[in-house]
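Me: Hi! Could you talk me through some contacts in this one?

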Amino acid sequence: ADARLRLLWWGSQPRADRTNKVSQLYQTKNAGTSITGEFLGWGDYWPRLATQVAGRNAPDVIQMDYRYIVEYARRGALAPLESYMPSKLNLGDFDPAQIEGGSVDGHFYGVSLGANAASTVLNTTAFQEAGVDLPTQATTWEEFGKIGAEITKAGKRKGFFGFADGSGNEPLLENYLRQRGKALYTADSKIAFGAEEVSEWFDMWSKFREANACVPPDVQALYKDTIDTSPLTLGKAAADYAHSNQFVGFQAISKDKLALTNYMRIKPDSKGGHYRKPSMFFSVSSQSKVLDQAVDYVNFFVTNPDAALALDVERGIPESKAMRDVVAAKLDETGKVPLNYVSGLGDLAGKLPPPPPSGAGEGQVVLRTIAEQVAFGQLSPSDGGKQLVDEISRLLAKG
Amino acid sequence: MSDVMRTTAPDAIKSEYGAATQGRFKRLWTANAPGYLFLLPWLIGFFGLTLGPAVISLYLSFTDFDMIQSAEWVGAANYVRIATADPKFAAAMKVTLTYVVLSVPFKLTFALLVAMALNKGVRGLPLYRAIFYLPSLLGGSVAIAVLWRQLFAGDGLVNAALAHFGIEGPSWISHPSYSIYTLVALSVWQFGSPMIIFLAGLRQIPTDMYEAASLDGASKFRQFYKITLPLLTPVIFFNAVVQTIDAFKAFTPAFIISGGTGGPINSTLFYTLYLYQEAFGNFRMGYASALAWILVLIIAIFTAFSFLTSRYWVHYDD
Amino acid sequence: MTNGITTAVTAPPSDITKRSLPASVAIHTLLILGSLLMLYPLLWMVSASVRPENEIFSSTSLIPSSIDFSSYLRGWTGLDITFGRFFWNSLVISILTVIGNVVACSLAAYAFARLHFAGRNFWFAIMLGTLMIPYHVTLIPQYVLFLNLGWVNTILPLVVPKFLASDAFFIFLMVQFFRGIPRELDEAAMMDGCSAWRIYWKIMLPLSLPVLATAAIFSFIWTWDDFFGPLIYLNDMNTYTIQLGLRTFVDSTSASDWGGLFAMSTLTLVPVFLFFLFFQRLLIEGIATTGMKR
Amino acid sequence: MATSVVLQKVEKRYGALDVIHGIDLKIDPGEFAVFVGPSGCGKSTLLRMIAGLEEITGGALLLDNERMNEVAPAKRGIAMVFQSYALYPHMSVYKNLAFGLETAGYKKTEIQPKVKRAAEILQIEKLLERKPKALSGGQRQRVAIGRAIVREPRIFLFDEPLSNLDAELRVQMRVEISRLHRSLGNTMIYVTHDQVEAMTMADKIVVLNAGRIEQIGAPLDLYNNPTNRFVAGFIGSPKMNFLQARVEQTGEAETTIAVCGNSVRLPRRLKAEAGQSVTFGIRPEHLSVLENSGITLATVNIDLVENLGGATMLYAKTPDGQQMTIALDGQQKVERGTNVKASFDPARCHVFDASGAAI
Amino acid sequence: MATSVVLQKVEKRYGALDVIHGIDLKIDPGEFAVFVGPSGCGKSTLLRMIAGLEEITGGALLLDNERMNEVAPAKRGIAMVFQSYALYPHMSVYKNLAFGLETAGYKKTEIQPKVKRAAEILQIEKLLERKPKALSGGQRQRVAIGRAIVREPRIFLFDEPLSNLDAELRVQMRVEISRLHRSLGNTMIYVTHDQVEAMTMADKIVVLNAGRIEQIGAPLDLYNNPTNRFVAGFIGSPKMNFLQARVEQTGEAETTIAVCGNSVRLPRRLKAEAGQSVTFGIRPEHLSVLENSGITLATVNIDLVENLGGATMLYAKTPDGQQMTIALDGQQKVERGTNVKASFDPARCHVFDASGAAI
Ligand SMILES: Nc1ncnc2c1ncn2[C@@H]1O[C@H](COP(=O)(O)OP(=O)(O)OP(=O)(O)O)[C@@H](O)[C@H]1O
Ligand SMILES: Nc1ncnc2c1ncn2[C@@H]1O[C@H](COP(=O)(O)OP(=O)(O)OP(=O)(O)O)[C@@H](O)[C@H]1O
Ligand SMILES: [Mg+2]
Ligand SMILES: [Mg+2]
């Protein structure tokens with residue numbers, strides 16, 4: 001049947017090229033379907049999507065982020081897809097945990113386009129210059145602190161420090177909590193940690209700061225959750241924290257050779273902090289007039305080998321095992337790094353946490369703000385911990 | 001603002017209803033038609049495009065509206081929360097007020113001074129003028145964010161300059177105590193539009209005013225102070241009002257420089273940035289609308305005040 | 001304002017000749033220093049556009065380690081649609097906006113500045129009021145409105161409002177300047193039999209050339225630089241403006257083409273800069289002192 | 001088909017300030033009316049009200065018996081020369097002149113000869129391409145006149161149109177305006193401070209003072225028979241001499257008054273009583289220093305002599321210390337400080353009572 | 001301690017347009033110089049160059065023998081009344097008057113009496129609080145004068161300062177300015193179109209024509225002995241009559257010329273040869289229509305009679321069709337179309353050669 005499909009995703013031109021190629025493939029196979037793809041950078045994407053959804057003019061296929069899927073799904077903007085499975089949407093060889101990741105309140109809303117894991121990005125060149133060994137999978141925060149201090153002390157570069165200040169970095173904190181057997185949020189949208197854990201967390205970072213292991217707060221504050229503002233990119237630190245699929249982006253604007261490693265352990269034997277996280281989803285708009293077609297396109301996108309080849313690991317490692325195999329064979333050096341990293345996490349990886357509650361986005365902002373207050377000395381670590389728990393509890397209560 | 005347009009009515013348009021042969025309607029028509037005809041495009045735009053959305057947003061400010069589900073009437077709850085239970089509102093207000101109070105006077109002064117300098121018969125003037133406008137050409141482009149970091153980060157140009165005086169500055173742009181000032185600096189640096197308006201205003205001052213003043217023995221400075229400034233007051237007034245409104249509504253500088261976070265520690269959380277976060281980040285369009293209307297109210301009070309005082313210091317000759 | 005028109009213009013030549021050499025040197029030194037401060041971003045951007053990508057963020061020096069113009073080619077052709085298209089789109093929207101603003105706003109401003117009609121002050125206050133509403137909150141109702149009109153994904157939502165004087169800034173600006181034009185000229189024109197329209201067209205507009213030029217410059221530049229409106233209303237890449245095009249170079253969460261961004265940003269400045277250079281002449285050349293006794 | 005202008009109790013207030021106090025005036029179709037009066041008396045205001053540029057605060061303005069208070073200036077069919085010229089600074093002289101015609105919808109080919117003719121009359125043919133700022137004061141004024149005269153309106157209003165012209169040009173322009181008046185037959189209202197213009201051009205002079213009409217009449221009428229002291233002093237230059245006097249004796253055909261210490265017999269009846277204080281008025285040009293040239297008024301002491309070439313002005317003091325101006329023909333050798341006997345033509349003198357009314 | 005003003009070959013060009021063609025002029029300290037000349041001849045330009053408001057294109061300006069070309073206006077110590085007034089629109093009349101004094105650093109208490117005095121002289125005391133836009137034309141002009149006279153500059157420049165005032169006020173102002181001149185002893189330069197002002201106020205009149213000086217001299221000198229036809233025509237109003245004539249016979253003490261078809265004997269020697277075409281000039285006021293009042297010039301036919309009250313102007317045609325104006329004293333009853341015999345005083349006539357020079 002004739003159908004016009006509208007796609008919307010965030011990303012840059014390389015991603016668009018790949019996506020459009022898939023659309024072409026789909027169109028040649030499904031004559032009569034025309035697909036228009038729109039894409040924008042991350043920052044511009046959300047206001048446009050919100051406006052279009054609010055105006056009842058949402059695109060049929062929407063790229064979704066882990067953080068926003070709950071917000072959109074709970075408000076009924078996305079179409080539940082479980083009824084299409086498995087006949088129309090064949091996610092048979094997907095990791096079940098990833099299906100869960102795309103579910104909200106028992107309905108399935110988002111097809112994961114790739115797996116991802118939180119990671120530490122290392123500037124190996126800087127490590128070499130400073131004569132310091134790279135951290136390994138076994139390195140603990142304590143050791144990492146010493147490594148950082150050494151790099152700073154080596155003083156090979158001007159204004160250069162060991163690593164970025166991650167005290168306000170939500171994945172990093174989450175990892176820390178998970179290693180302690182806690183989590184950020186419970187499945188029923190409650191806070192899943194206490195003040196003392198965060199206080200200790202803040203305290204640890206305060207010590208790093210004192211030891212000059214990490215960058216000072218005013219340098220860290222330059223970071224805006226973007227690759228180009230990372231202390232690593234700006235040449236201020238030898239290590240920063242990012243999602244593994246961002247590695248390519250980091251490497252592109254860095255002169256030095258970069259590498260990926262896991263987040264540090266809190267104790268040599270602690271584990272399960274990491275998890276394979278859906279990097280992004282395709283969701284289908286509940287306003288779509290061509291639901292079936294949209295679902296079919298999504299299905300094609302994640303299960304067709306040609307499509308997988310076209311897409312590569314640019315959105316993360318394909319969730320489908322079959323596709324993963326197709327892709328892995330053709331990766332280049334830089335491209336392989338995240339793949340190897342994610343697959344090599346071993347005991348560090350644990351269960352996928354439940355999808356964050358709505359309000360989690362604000363929680364992230366609160367964490368960042370309080371971490372900065374602690375870093376700039378406006379709050380003591382223990383007060384910071386208490387305040388964070390207070391504020392997040394309040395946010396969650398508000399819904 | 002009732003006497004904004006006080007004029008010496010020249011014509012028969014403001015007429016008395018005496019014993020005249022014309023009908024009342026016809027007189028009303030001849031008195032008002034030209035004005036409304038000229039205003040017609042604006043009126044169409046206002047009723048067709050502006051009024052509706054404005055009223056809807058006013059309505060939304062009394063609702064809970066997440067942009068996807070339909071709005072739910074909550075009465076004044078949003079306003080109550082702003083007034084009583086929103087520490088970020090106060091923080092944002094403080095940031096914005098600081099910004100308004102600092103950036104507007106500096107920017108205007110700077111713009112006026114440069115406009116004065118560029119109004120003189122200097123060779124190569126058009127080029128200078130264009131160069132001085134250049135920062136404003138960049139508007140809110142991505143490049144500005146990078147550039148400002150180049151200037152005000154810990155290893156930026158400013159600190160490099162300060163280092164010559166033995167001062168070791170912090171990373172101004174990302175320090176909660178100073179970051180707002182770098183945004184003020186950005187605003188002042190983009191002084192191009194008030195400068196151009198001042199230039200146009202300077203062009204309207206009759207040259208014989210300066211001739212008379214110079215024969216009265218007035219120095220350049222006195223001419224500036226006694227002739228230029230007073231005769232420029234309508235333009236100064238315009239710039240002050242518009243720049244203040246703009247500063248209250250400032251969004252882009254903080255958005256690009258802080259990456260939309262308003263950080264560090266909310267030190268650059270401009271009012272509209274907060275409003276934007278609430279609307280598009282947290283899906284609270286109803287609340288954001290309430291925030292918006294409070295801002296409108298504040299700006300309106302300020303503007304009304306400016307118009308009231310303007311009669312004492314703004315010189316119109318019409 | 002003053003009661004002379006004057007927009008006098010070419011500063012008396014004596015201004016140039018009279019200044020002593022040292023004064024002249026001092027002035028130029030100041031201006032050049034100032035210019036450098038103003039030029040810095042441009043220089044930096046140009047330098048960023050020709051330097052290797054991996055140097056852009058980590059180096060604060062203005063001088064690139066090596067020069068490479070490939071960003072320009074990549075930037076121009078790197079997106080699905082070449083930049084030429086975006087330039088054209090931006091140009092169309094900007095020029096229409098300039099025309100719309102200058103025409104529609106000057107009409108309204110003339111009414112406010114010179115005509116008498118019931119409710120004038122009320123409408124003036126309302127007009128100023130529209131200047132105060134943050135656009136974020138009217139965005140969605142407005143979007144719905146344009147969607148229902150079928151205008152989304154066309155340039156109409158960006159252009160039509162300008163022809164309806166939606167930009168109160170310019171109305172207010174023109175009102176202030178119109179009030180500086182001696183009323184006696186209107187009166188003389190009335191005696192010459194002019195209607196309000198003809199006074200507007202033949203007296204007001206020519207005499208306010210500097211402010212019209214100002215409005216034109218601002219309209220053009222602001223429209224050229226605007227991205228939020230296009231972001232919301234233009235979905236199809238074929239209709240993208242320059243600024244949208246630029247922003248598609250970067251996605252902060254993945255690999256971006258920074259070199260292309262800065263290369264195209266630099267190119268983007270060229271038309272606005274030229275537009276400015278051209279129209280500022282009107283700012284300066286304006287009209288001359290009046291034939292009026294004061 | 002000329003137009004009549006009627007003012008009925010016309011008033012003008014600027015805020016609290018009364019400027020025109022209820023003026024009644026009728027100007028007949030085709031008449032040439034000249035408004036004179038001291039600076040600031042309201043002449044321009046009156047013209048501007050007739051033109052419709054100034055709101056009429058009270059009373060009515062009728063043109064051809066139609067109430068015009070509410071009619072827009074453009075609709076009244078009036079051309080006006082502004083005291084401040086109000087030239088369009090952005091238009092060349094040609095454009096300034098052509099503008100009204102263009103507005104009226106004339107074709108280019110019709111406009112050109114009209115403008116050319118006006119430019120010739122005004123001797124500004126060479127300036128047609130210039131902008132007003134490149135003109136001298138007098139040239140601007142001529143353009144301002146030209147702008148009015150290229151048109152053929154119902155009524156012309158001239159506000160001191162010749163004040164910045166040299167004597168010769170002034171005479172020429174005066175003649176041209178009179179000729180225009182004759183050929184078009186329009187109603188014209190003309191404000192001037194120039195005695196010669198007022199005397200030679202007017203069908204009717206309206207003397208204004210502080211927003212009120214003092215007298216209306218034909219030029220010589222005002223000169224010869226001013227109804228009050230104000231008009232007597234205002235019409236004629238140099239100004240009429242006013243001397244304090246007292247009525248000594250009244251009679252049917254003769255009155256004796258005491259002035260400057262002399263008893264003077266005037267061969268006419270005065271509406272006054274013996275003993276009443278009056279003002280004796282005599283124009284400088286009606287005084288003489290020749291022997292046997294009338295009744296001797298007083299022996300006066302010369303303060304100052306002004307030699308104008310064609311005339312000589314003597315400023316003198318009477319024995320009782322009053323000022324007196326004597327205008328003599330030609331260049332007279334009179335020394336400062338000398339005494340001369342001033343005599344006058346009794347038919348030419350005026351007497352005013354304490355309220356200023358002529359008696 | 002007055003200041004001398006010397007112009008040496010001063011020129012002014014506006015672009016390609018030569019406006020002032022090398023003027024040489026010396027005004028002595030304390031002198032009252034009056035510039036006269038037809039509209040557009042360059043009077044204002046000259047004043048503006050002296051004031052420093054207009055660049056001097058060529059030549060030098062010396063004040064007290066110091067070259068001033070490059071000195072800023074503010075430093076020249078000059079006060080000027082602008083032809084266009086140039087009042088500060090944003091200041092009250094008081095402020096307008098006080099501005100120069102404030103600038104000079106006078107104290108408030110010193111300024112007030114000065115301003116008050118000027119306002120009294122100018123009769124604008126009641127207007128001190130007004131802004132210029134609320135003033136009449138003449139009131140504005142007086143404020144413009146006031147702004148100059150409150151100060152005590154080295155040099156006063158007046159550009160047609162009285163053109164918008166009524167006759168009486170004009171006389172008063174003239175007297176005040178002369179008094180000011182006497183009391184301050186400053187150098188004053190005064191531009192006017194008014195013959196009376198020029199004749200009565202000037203120590204020295206400078207007659208300008210098209211950017212050149214035609215003659216410089218004391219008022220009566222110019223009136224009685226114009227060196228050329230231009231000056232003869234320009235000084236005196238109404239203008240001198242110029243009649244075509246031919247020299248018939250020359251002699252040591254007598255010349256016969258043919259004019260209006262008559263042979264007329266002039267009792268003086270002319271630098272001319274028999275047969276030469278010349279222009280015969282006679283002022284209207286030196287013509288008479290009385291019998292036996294000089295040499296008969298011609299029987300002329302009256303075209304137009306203008307009765308000015310104190311004088312009567314006859315516009316007539318000579319038998320050979322030339323224009324002639326005759327000024328008569330008083331009110332004369334002369335009918336249009338009648339013939340009168342015009343006679344003249346041979347001592348008062350002028351003869352000019354073809355180049356216009358007086359011979
Ligand atoms: N800016 C200018 N450009 C070109 N010509 C000019 C300019 N200003 C004045 N002129 C010309 O210079 C001549 C002299 O002007 P000026 O104002 O000195 O005359 P004026 O003697 O004062 O005449 P008036 O008695 O009419 O005031 C005039 O013919 C005028 O047209
Ligand atoms: N806008 C105003 N507000 C207050 N008073 C005004 C205003 N305009 C004029 N006047 C006053 O009204 C009076 C009449 O002014 P008008 O201009 O009619 O005088 P005029 O007779 O034309 O005098 P002139 O001969 O000096 O031109 C003057 O005293 C003047 O000061
Ligand atoms: Mg007047
Ligand atoms: Mg002049």
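Reply: Happy to! By relative accessible area, with a 1.4 Å probe and protein chains only, buried means under 20%, exposed over 50%, and partly exposed in between. This is a predicted model, where local features need pLDDT of at least 70 and side-chain atom pairs count only at pLDDT 80 or more, while totals for chains, interfaces and linings use all residues. Residues are numbered from 1 along each chain as written, chains are lettered from A and ligands numbered from 1 in the order written, and side-chain values use heavy atoms, leaving out hydrogens and water.

Me: Where do C:Arg247 and A:Asp44 lie?

Reply: C:Arg247 is in helix H13 of chain C and A:Asp44 in helix H2 of chain A, so the pair joins two chains. Helices here are DSSP runs of H or I, at least four residues, and strands are runs of E, at least two, numbered from the N terminus.

Me: Is A:Asp44 buried or exposed?

Reply: Buried, at 7%, and C:Arg247 is buried too, at 12%.

Me: And what about A:Glu200 with A:Arg180?

Reply: Their side chains form a salt bridge, 2.7 Å from N to O. A:Glu200 is partly exposed at 39%, and A:Arg180 is partly exposed at 30%.

Me: New topic: how many residues of H1 in chain D are buried?

Reply: Nine of its nine. Just after H1(D), D:Gly52 has a positive phi of about 95°.

Technical notes: Salt bridge = Lys/Arg side-chain N within 4 Å of Asp/Glu carboxyl O.
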